[in-house]
Amino acid sequence: MTFVVTDNCIKCKYTDCVEVCPVDCFYEGPNFLVIHPDECIDCALCEPECPAQAIFSEDEVPAGQEAFIELNSELANIWPNITEKKDALPDAAEWDGKPNKLPQLER
């Protein structure tokens, strides 16, 4: 089992989760983070650290967001690894909680 970053991370990209990950399985895109499913050890440390509440266990991904399971896997194979906390995106607070942000995802 793995953890999955979902829709609400898009255009927020808080990195509190990265700081607590013991295996450095987060990968960073321009406005979104993903978890590499083959590296995640299912420790659950990242989930409560996400201010946007965008991280879920694979078997608890909200209905309608199942596509993020494959998206995390796909993008983790092409984006660079991130191991240290960074500032959130400048307008993160404005985007936090807005639904259906997938069209805003920058690759």
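**Charges, core, cysteines and rings**

Guide: Arg107 forms a salt bridge with Glu74, and their closest N and O atoms are 2.6 Å apart; a salt bridge here is a side-chain nitrogen of Lys or Arg within 4 Å of a carboxyl oxygen of Asp or Glu. The pair links distant parts of the chain, with Arg107 in the segment after H3 and Glu74 in helix H2, 33 residues apart. Helices (H or I, at least four residues) and strands (E, at least two) are DSSP runs numbered from the N terminus.
The model is a predicted one, in which local features need pLDDT of at least 70 and side-chain atom pairs count only at pLDDT 80 or more, while totals for chains, interfaces and linings use all residues. Residues are numbered from 1 along each chain as its sequence is written, and side-chain values use heavy atoms, with hydrogens and water left out.

Visitor: Is Arg107 buried or exposed? And what about Glu74?

Guide: Arg107 counts as exposed at 57% relative accessibility, whereas Glu74 is partly exposed, with a relative accessible area of 35%. The cut-offs are under 20% relative accessible area for buried, over 50% for exposed and partly exposed in between, using a 1.4 Å probe and protein chains only.

Visitor: How many salt bridges does the count come to?

Guide: By that rule the count comes to four salt bridges. One of them joins Glu28 to Lys13, with the closest N and O atoms 2.8 Å apart, and this pair also links distant parts of the chain, Glu28 being in strand E2 and Lys13 in the loop between E1 and H1, 15 residues apart. Glu28 is buried, with a relative accessible area of 13%, and Lys13 is buried as well, at 8%.

Visitor: What does Asp16 pair with?

Guide: Asp16 forms a salt bridge with Lys85, where the closest N and O atoms are 3.2 Å apart. Asp16 sits in helix H1 and Lys85 in the loop between H2 and H3, 69 residues apart, which makes this another link between distant parts of the chain. Asp16 is buried, with a relative accessible area of 19%, while Lys85 is partly exposed at 43%.

Visitor: OK, changing topic. Which residues touch the most other members of the largest nonpolar core?

Guide: They are Phe26, Phe32, Ile35 and Ile55, out of the 33 residues in that core; a nonpolar core is a set of buried Ala, Val, Leu, Ile, Met, Phe, Trp, Tyr and Cys residues joined through side-chain atoms within 4.5 Å. At least two residues each come from E1, H1, strand E2 (26-28), E3, helix H2 (67-76) and helix H3 (92-95). The largest share, four residues, is supplied by H2.

Visitor: What is Ile35 in contact with, leaving aside its neighbours within four places in sequence?

Guide: With those neighbours left aside, the contacts of Ile35 include Phe3, Val5, Phe26, Cys46, Ile55, Asn72 and Ala76, where contact means heavy atoms within 4.5 Å.

Visitor: Now the rings. How many aromatic pairs are there?

Guide: The count comes to two aromatic pairs. Rings of Phe, Tyr and Trp (its six-membered ring) pair if their centres lie within 6.5 Å, and planes under 30 degrees apart count as stacked, over 60 as edge-to-face and the rest as tilted. Phe32 and Trp79 form an edge-to-face pair, 6.4 Å centre to centre with 80 degrees between the planes. Phe32 counts as buried at 0% relative accessibility, and Trp79 counts as buried at 8%.

Visitor: Which residues form the aromatic cluster?

Guide: Phe32, Phe68 and Trp79 form one aromatic cluster.
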